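Here is a short briefing to read alongside the model. Keep the viewer open and follow the topics in turn.

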Amino acid sequence: RQKQQKFVYDFTEGNKDLKDLLGGKGANLAEMTNLGLPVPPGFTITTEACRVYLESGAEPAALRDEVSAHLEALEKRMGKRLGQADDPLLVSVRSGAKFSMPGMMDTVLNIGLSDASVAGLAAQADNERFAWDSYRRLVQMFGKTVMDVDGDLFEEAMEAAKRAKGADSDLGLDAGDLKQLVADFQQIVLKETGREFPQEPREQMDLAVRAVFDSWNTERAKLYRRQERIPGDLGTAVTVCSMVFGNLGPDSGTGVAFTRDPASGAQGTYGDYLQNAQGEDVVAGIRNTVPLAELEGIDKTSYDQLMSIMQTLETHYRDLCDIEFTIERGHLWMLQTRVGKRTAAAAFRIATQLVDQGLIDEAEALQRVTGAQLSQLMFPRFEDTVADSGQVKRIGWGIAASPGAAVGKAVFDSYTAVKWSRSGEQVILIRRETNPDDLNGMIAAEGILTSRGGKTSHAAVVARGMGKTCVCGAEELEVDTKRRRLTAPGGVVIEEGDLISIDGSTGKIYLGEVPVVPSPVVEYFEGRMHAGADEADGLVQAVHRVMAYADRVRRLQVRANADNAEDAARARRFGAQGIGLCRTEHMFLGERREMVERLVLADTDTEREEALGALLPLQKADFIELFEAMDGLPVTVRLLDPPLHEFLPDITELSVRVALAESRKDANENDLRLLQAVHKLHEQNPMLGLRGVRLGLVIPGLFAMQVRAIAEAVAHRKAAKCDPRAEIMIPLVGTVQELEIVREEADRVIADVEAATGTRLKLAIGTMIELPRAALTAGQIAEAAEFFSFGTNDLTQTVWGFSRDDVEASFFTAYLEKGIFGVSPFETIDKDGVGSLVRSAVEAGRATRPDLKLGICGEHGGDPESVHFFHEVGLDYVSCSPFRIPVARLEAGRAAA
Ligand code: ADP
Ligand code: MG
Ligand code: MG
């Protein structure tokens, strides 16, 4: 027989590891109960029951009896029945999912009170005001969250009562006023819903439980889940907890606390306390709370007990905890705890503090921080002292969509953004919302500010992709693009050209210029700040230590994508263990364009050889510099990849020039030939055209020249008794035959240089795996390649059939909103598709050549989730842009720890 499913757990039956089933709140209440802490008795209805309800539209059949059994046990234990007229047991009905989710249903307190039992409660507590205060709270909360009455109606009635009484807070209302308010509230409920406020206690409870289930699927909750990538089918648990009362008088109260400062990580007493209050009052700001430390003067016994419980919790959870508690007539009760949220800086500090306290080891410390937090700490920041001092005016607050601190002149259209930035101005592009037409302006701007849209809006997605500061959805700002002005609350008007500052890490918007300071963490990585330099604040020290933990355990090496000596040197300071991708295309730009033109126009072998001969010494000099900056470390040089026409004049411009010249009858021979060549090279779809290895096979001598430049540069460095370690990488290979032909030629050139210089060069030759066919035939390709480097940018483009430059700006927002993917596959590797090709290519490559070196050099090399994937499939290294190196090191450590 199938085992009867269990839908209800008493607090004594659960524990903190049952979050899936009991939700975070229920699991931790159980954990505290089992630790022997003072938790009011109660039970939790599982997420499983919620899932049944959501799927079938009805509570599971067994649930009602199970709840009855647990309620009965609770009543027995408390010595009173739910809503019992002369001495009512009251409970709270609380929502609690596995992940904490603001935007879900609020808790309903004081369930069980009714016209029949309010007098009994008053008599038992010997406090009439308390009983009516509890009742009006019940009708208000129940009306709003269970019966869907507009909460403002209750607020207004409450305000009216206070006005009539001349009271400035709820404490000014006496029992009689509150009794009247209960009647008013019940009238509101009846009028708005056509139903009476339910008087039957069990019915109140059942309706509240169902309302919690239903709250899983409110629009707000759905939106939040999509943004935070929380699965939509988890459901919520419901916790039923016997009431304790902080509103019994001045010897009672309620508060929240942290075991350490969630902003700095410092240990101490952090929290707020409010006397004679219930539940939400502390955070709702209805009256002024006092700092937790003052509780010591109010109720020393409870204070001492709370401090000791907080210590117990910290040691038990081995982490910062946040807490909700209530004091009922001098008796302390714990109502909630969880591992608390913290700022990025606090995360690093706390991790190392806990190591010092011996509570966690280094491996665990690595799990307490993330690469995303580290990268947050690496953005330049507004100087806090100025931003917070009121020297500049904060005019609004939006969604922190893409981090960074940006200052510039306000512009309201893309055209102006581009025009002004060309003349050297820094601008902030302000739009109601952006669309693909704004792309040029977004590129030109320092930052982007919109008044509409959330974290997946066009502005947010594109800005994050570009690494550009963005604040979006600042709804209180009125953007008038026609009149080129923005109006902020309080009538502040910003016209085109006014300076504003936006903080993409906090979402704050300032009028005027806030000074920007570099991140101390970057100063440290750059070697401009010593790890011990900031003893007071300790952040750099903490980052330094956590990075050391990561470097000790990680198996993945981290290399940089760097094309010149300056980037290489920075990458090295940031901890790069080599260069995984040196693009050679910049060596064909600028003044060297002319030489490329000559190469393309060459009619004879001699002309072509001359053109290549002119490029050779320049390339060689570039490589010498690069090998010097990376002495002793591997440098993977990729031979020319982009289509040649990228180095030639723009087809339209050139056509116009030639046409004008022809009309003047002084067309120049060279331009005419160039135009012909440009026409010949023009491609409908250059991404899939004549580029990469195809260039090497079609343009005689091109790759040979590049290989020679590399080989001679290596020989030069060796002659200087240094340690150059070059690797030659062939891009866009689809079949082993392409690689074999290029390889033969390269081997010949290398042998040539070796003979001429009398040096053994030991140059490895390998290929990029960036086409599906290359991945599918990796076993064959490995016969001609000493290493693979997965080019996951092109591989993602070709596997999905997405042209990156086009799709990100056009329809990715729609795809994200529809949940087709939670994040762009160009940002985080698509494990199921692209990733599975990588995985099989790794296996096939290693089967052919067991010592095949394997790396990845797409943008994914610096993305936390992707780094974990590359660790898991067994690559040797990831390569990413210099600024992402610390993040990659950290995540590689976290993956291995
Ligand atoms: P949230 O998830 O919004 O914090 P909670 O379920 O924790 O909701 O409850 C809201 C407030 O009510 C909190 O301040 C909590 O401490 C208080 N509260 C909940 N249950 C009880 C109870 N049984 N007795 C007294 N106060 C309670
Ligand atoms: Mg709570
Ligand atoms: Mg590529």
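What follows is a tour by topic, from the domains down to single residues.

This is a predicted model, in which local features need pLDDT of at least 70, side-chain atom pairs count only at pLDDT 80 or more, and totals for chains, interfaces and linings use all residues. Residues are numbered from 1 along each chain as its sequence is written, and chains are lettered from A and ligands numbered from 1 in the order in which they are written.

**Domains and the annotated span**

- The domain assignment, whose bounds come from an automatic or database source, gives domain 1 (8-242), domain 2 (253-342), domain 3 (380-517) and domain 4 (554-643 + 683-896).
- Between the C-alpha centres of domain 2 and domain 4 there are 55 Å.
- An unreviewed UniProt entry places "domain: Pyruvate phosphate dikinase AMP/ATP-binding" at residues 63-288 and 297-348. UniProt positions are given in the numbering used here, feature names are shortened, and annotations may be inferred rather than shown by experiment.
- Residues 297-348 are 48% helix and 33% strand, and the end C-alpha atoms of this span lie 34 Å apart. Helices (H or I, at least four residues) and strands (E, at least two) are DSSP runs, numbered from the N terminus.

**The annotated binding site**

- The unreviewed UniProt entry places the feature "binding site" at Glu770 and Asp794. These residues span 25 residues in sequence, yet no two of their C-alpha atoms are more than 5.5 Å apart, so they gather at one spot.
- Glu770 is found in the loop between β28 (764-769) and α30 (772-776), while Asp794 belongs to helix α32 (residues 792-800).
- Is Glu770 buried or exposed? Glu770 is buried, because 27 other C-beta atoms lie within 10 Å. The rule is that a residue is buried if 20 or more other C-beta atoms lie within 10 Å of its own, exposed if 12 or fewer, and partly exposed in between, with C-beta atoms placed from the backbone.
- Asp794 is buried as well, with 23 other C-beta atoms within 10 Å.
- Leaving out residues up to four places away in sequence, Glu770 touches Leu732, Gly791, Asp794 and Leu795. Contact here means that the C-beta atoms of two residues, placed from the backbone, lie within 7 Å.

**Strand β30 and its partners**

- From strand β30 (residues 853-856), Lys853 and Gly855 point one way and Leu854 and Ile856 the other way, and all are buried. In a regular strand the side chains alternate between the two faces of the sheet.
- Strand β29 (residues 787-790) pairs with β30 in the parallel sense over 4 bridges; two strands pair if DSSP finds at least two bridges between them. Here Phe787 stands opposite Lys853.
- β30 also pairs with strand β31 (residues 877-880), in the parallel sense over 2 bridges, and Gly855 stands opposite Tyr877.
- Together, β30, helix α36 (residues 864-873) and β31 make a right-handed β-α-β unit. Right-handed means that, with the strands pointing away from the viewer, the path from the first strand over the helix to the second runs clockwise.

**A three-stranded sheet**

- An open sheet of 3 strands has the order β18-β19-β20, with antiparallel pairing.
- β18 (478-480) and β20 (492-495) stand at the edges, each with a single partner strand, so one side of each is left without a neighbour in the sheet.
- Strand β19 (residues 485-488) and β20 share 4 bridges in the antiparallel sense, and Ala488 has Val492 of β20 as its bridge partner.

**Positive phi and a buried threonine**

- Most residues other than glycine have a negative phi, and most peptide bonds are trans.
- Arg329, which is not a glycine, has a positive phi near 45°. Arg329 is in the loop between β9 (321-328) and β10 (331-339), and counts as partly exposed with 14 C-beta neighbours inside 10 Å.
- Leu732 has a positive phi of about 60° and is in the loop between β27 (725-730) and α29 (736-757). Leu732 is buried, with 23 other C-beta atoms within 10 Å.
- Thr254, in strand β6 (residues 253-260), is buried with 28 C-beta neighbours inside 10 Å.
- Thr254 and Glu594 are 340 residues apart in sequence and 76 Å apart in space, C-alpha to C-alpha.
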